[in-house]
Structure formats: C-alpha cells, structure tokens
Amino acid sequence: MSSPSPSYIADMNTNLVDTHEVHVHAKAGGEGTVIFDSAIALLEGLFPPNPANKIVLANETTVITPLGGYQYVPIETIEPGNDKSLEPWTDCPAFEQYISNVYSSSEFKKTAQAAEPFHGAVRDYVFGRPTTLENAWDIYNYVSTELSHNKTYAHRLPPTLVEQARGFADFHENAIFSDKDVSGIGNLAGRTILHTVLSSLQRIAFNGDPLQFLLNETSYQPFISLFHVLEMVKENLELGGIPNYASALAFELRRGPAPEDREFIRIKFKNGTNGDFETYHAFGHKSDIAAMEFIYRIENYAITSQKQWAAACSSGLDDDYFHIGSQNVISSTFWLLSSSSSTRAKAQNTRIHLADDEVSQSHPPQSQYPNYGTLSNNVVPQPTSMSEKQHLPL
C-alpha cells in the first residue's frame with residue numbers, strides 16, 4: 001500500500017478504499033469470530049481512518065464518517081456449510097479415513113513412541129486433556145496459550161515443554177494436511193483454495209477489471225497443504241509445520257522486464273508478525289515462475305466445484321447450493337492469514353506465452369530481485385486505452 005514498496009499496486013486507491021478494487025473473505029468455521037476479528041484489524045491497518053472520507057450533502061453540509069473518517073470495508077464470511085473453499089475437510093468421509101490411515105502408519109506409531117517421555121512430563125500441565133500424539137495440536141494450543149496469558153502457569157511450566165509440544169504438533173498437522181500424492185485427499189485444504197488462486201490469475205488478465213486486491217483470511221491448514229502442492233517444502237523443510245499466528249502467504253503477478261511480454265508469479269511468505277516477507281519458489285525454480293507454467297502444473301489438481309469436492313470426499317452430496325469459492329468473487333490478490341496477498345499489475349501487452357524458461361537462473365538476495373509489476377514504462381495498471389482483454393486459459 002506504500003509507494004516505496006517493491007510490491008506497490010500502482011494506481012490503486014490506497015488512501016481512500018475503493019470497494020470495487022478490494023474484496024475480503026473471512027473463514028467463519030470452527031474458530032468462531034477469531035479470524036473475522038483478525039480481518040477487521042488488518043483492514044484497519046491497511047486503510048486507517050482518513051478525514052477525506054466524507055460526503056457533501058445537498059445543503060452543502062460536509063459529513064465525515066465516524067472516528068475521524070473510519071473506512072468501512074465489506075467482509076464476506078465463508079461458512080463451511082455452504083462454501084467448502086476454506087474448510088473442505090469438514091464432513092468429508094474420505095479425509096476422516098485418511099486421518100485413520102495416518103494414525104495407523106509406522107511413521108506415526110514410531111513418533112508416538114518417541115513422544116511418550118514428553119507426554120509423561122506434560123501431563124500435569126494440561127489438566128486432564130489426553131496426552132497422546134493424536135491430540136498433539138490441542139496440547140500445544142493449550143500450553144502456548146496459557147504460557148502467553150497466565151503468569152502463574154508461565155512461572156511453573158518446565159523449560160522446553162512448549163518447544164516439544166510445538167514440535168509434535170508440527171509433525172501431526174503436517175502429516176494430516178499433506179499428501180505424497182498431489183491429488184491425494186491429504187492435500188484437500190490446498191486443492192480447494194487453488195480454485196481461488198487460479199480464478200484470480202484469470203481475472204488479473206482482464207484489462208479494466210476494477211478489483212486489484214483479494215484478501216482471504218483463513219486458518220493454517222491451507223498453508224501446509226499449499227507448501228506441499230507447490231513443492232516448496234522440498235527445499236524448505238521448515239515449511240512442513242504450523243505457521244505462526246498472523247502469517248501471510250502472497251501471490252504476486254508481475255510483468256517481466258522489457259522486452260519480456262510474459263507474466264510471472266512471485267510467492268512470498270511471512271511467518272508471523274516478526275521479520276519481513278521472504279521469497280520462495282515453486283516446483284524447484286530458482287526465480288519467479290511463468291504464470292502459464294504455474295497454471296499448467298496445478299490446474300488439474302484444483303477442486304473447483306461442490307461436485308468435485310463431493311467426489312473427492314466420497315460424500316455423495318449433490319446439492320447445488322454448496323459451492324467452492326464465492327460465486328460472485330472477482331479475485332486478483334490472494335492472502336492467507338493464519339490466518340493470509342498478492343499484488344496485481346495490469347500489463348499493456350496482450351500476449352501471454354507458455355513458459356519455456358525462468359526469469360533468471362540465479363537466486364539473488366531479496367533486494368536484487370527484478371522489480372516486476374511495479375511502476376515502469378511497460379506496466380500500467382488498469383489501462384484505459386485498451387479494449388482488448390488478456391485471458392489466461394484455465
């Protein structure tokens with residue numbers, strides 16, 4: 001949102017929000033209002049109160065919105081009962097069977113045996129909660145929450161217990177929300193949200209499309225799955241676990257430097273509130289991946305409809321009321337926040353070629369990456385003189 005940023009979205013109204021340019025989804029599933037509240041807090045930071053947020057009435061009276069120009073950004077809540085895009089593992093028999101298979105695997109049993117000393121040590125600090133590897137997430141969630149908010153508990157908790165709890169929770173959640181097979185049911189969380197990613201890329205290519213920023217606020221499960229689907233974990237083993245609170249995953253669509261006429265995708269991840277975004281690469285690339293290659297490699301794995309979800313889950317549901325993703329959403333920026341953005345830059349050139357190489361073969365530091373998609377002569381967001389539209393075939 002700041003013009004000095006290398007990911008600045010040029011020509012987007014960043015001082016006064018234009019609700020045609022910004023669309024927000026917030027998961028409204030098992031976590032209750034926590035993720036919705038997180039979305040509100042983030043939007044207040046992105047679009048703070050501005051005295052210019054005012055109207056002039058017919059009698060020439062000027063009315064400023066409350067709280068010194070508070071900016072109201074609509075949020076669409078995603079209920080798992082009618083939209084499976086952000087919580088597809090609920091009411092999914094095949095996923096429940098997959099969990100059972102994970103629990104019966106030799107690797108899980110071996111890790112459970114290794115965790116027995118920890119479970120014995122932590123038993124007195126979880127107050128009746130099951131101390132098993134199957135309950136690893138609940139153990140870690142309780143211990144870390146009490147450690148942060150309960151002073152007495154924090155003083156009494158022995159050293160390393162919270163770190164061990166986190167380690168076993170990472171193992172458990174990574175095993176449950178990933179799959180060795182990209183199309184496997186373990187990757188369900190990533191495969192459903194891929195529909196939003198691919199739809200956003202298609203809409204970005206439409207010159208004149210007003211929407212430039214899509215924010216998806218969700219929980220951590222899609223992060224884990226996407227890191228596996230995009231093969232980011234292979235070279236970054238630290239991604240095989242639970243992201244910290246308030247983590248963000250960004251997909252940026254950028255135009256290559258002249259005379260390049262293709263568009264590329266840059267993936268950035270920020271693990272929690274500390275530090276900056278770091279650039280990661282999909283499918284073993286060492287730099288930004290061409291948009292067409294990105295689409296080609298994942299489009300067949302995306303779950304785009306309720307019928308596909310029902311088939312994957314063996315649920316037998318065929319009610320058209322259920323769907324994957326908002327049916328009236330125009331997406332151009334993708335955030336996962338764990339809850340999570342992409343920038344969008346509209347290009348002048350109307351051709352997009354199938355990728356046959358990478359932008360570069362080197363892997364320079366973040367500050368040395370080519371500044372695709374920012375203000376330049378060959379990138380003009382929302383061109384007004386172009387009638388022809390680009391289209392990325394899906």
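**Note on rings, helices and loops**

1. Start with Tyr140. Its relative accessibility is 11%, so Tyr140 counts as buried. (Buried means under 20% relative accessible area, exposed over 50%, partly exposed in between, with a 1.4 Å probe and protein chains only.) This is a predicted model: local features need pLDDT of at least 70, side-chain atom pairs count only at pLDDT 80 or more, and totals for chains, interfaces and linings use all residues. Residues are numbered from 1 along each chain as its sequence is written, and side-chain values use heavy atoms, without hydrogens and water.

2. Now the rings. The structure holds 16 aromatic pairs. Trp137 and Tyr140 form one of them. Their centres are 6.1 Å apart and their planes make 55°, a tilted pair. (Rings of Phe, Tyr and Trp, the last by its six-membered ring, pair if their centres lie within 6.5 Å; planes under 30 degrees apart are stacked, over 60 edge-to-face, the rest tilted.) Both Trp137 and Tyr140 sit in helix 6, which covers residues 136-149. Three residues separate Trp137 from Tyr140, about one turn of the helix. (Helices, H or I with at least four residues, and strands, E with at least two, are DSSP runs numbered from the N terminus.)

3. Which residues form an edge-to-face pair? Phe223 and Phe227 do, because their planes stand at 70° and their ring centres are 6.3 Å apart. The two lie in helix 10 (residues 221-229). Phe223 and Phe227 are four residues apart, so about one helical turn separates them. Phe223 has 0% relative accessibility, so it counts as buried. Phe227 is buried as well, with a relative accessible area of 1%.

4. Trp89, Phe95, Tyr98 and Phe177 form one aromatic cluster. Find these four residues in the model above.

5. Next, helix packing. Helix 6 packs against helix 8 (residues 161-176). The angle is about 145° and the axes are 8 Å apart. (Axes are lines fitted to C-alpha atoms, for helices over the stretch in contact; angles run from 0 to 180 degrees between N-to-C directions.)

6. What does helix 6 bring to this contact? Its residues are Ala136, Trp137, Ile139, Tyr140, Val143, Ser144 and Leu147. Trp137 and Tyr140, the tilted pair, are among them. From helix 8 come Val162, Ala165, Arg166, Phe168, Ala169, His172 and Glu173. (Contact means heavy atoms within 4.5 Å.) By class, this contact has ten nonpolar, two polar and two charged residues. (Ala, Val, Leu, Ile, Met, Phe, Trp, Tyr, Cys and Pro are nonpolar; Asp, Glu, Lys and Arg are charged; the others, Gly among them, are polar.)

7. Helix 11 spans residues 291-298 and is mostly covered. How many of its eight residues are buried? Six are. They are Ala291, Met292, Glu293, Phe294, Ile295 and Ile298.

8. Check the backbone at two glutamates. Most residues other than glycine have a negative phi. Glu60 has a positive phi, near 70°. Glu60 lies in the loop between strand 2 (54-56) and strand 3 (62-64). With a relative accessible area of 68%, Glu60 is exposed. Glu231 also has a positive phi, near 60°. Its place is the loop between helix 10 and strand 6 (248-255). Glu231 is partly exposed, at 24% relative accessible area.

9. Look at Glu21, in the segment before strand 1 (22-27). Is Glu21 buried or exposed? Glu21 is buried, with 5% relative accessible area. Along the sequence, Glu21 and Pro210 are 189 residues apart. In space, their C-alpha atoms are 5.2 Å apart.

10. Ala189 belongs to helix 9 (residues 188-204). Its relative accessibility is 2%, so Ala189 counts as buried. Ala189 and Leu86 are 103 residues apart in sequence, yet 7.1 Å apart from C-alpha to C-alpha. Apart from neighbours within four places in sequence, Ala189 contacts Pro88, Trp89, Phe177, Gln221, Pro222 and Ser225. Trp89 and Phe177 belong to the aromatic cluster of point 4.

11. End with Lys54, in strand 2. Lys54 is partly exposed, at 47% relative accessible area. Leaving out residues up to four places away in sequence, Lys54 touches Thr62, Val63 and Ile64. Gly68 is 14 residues from Lys54 along the chain, and 9.7 Å separates their C-alpha atoms.
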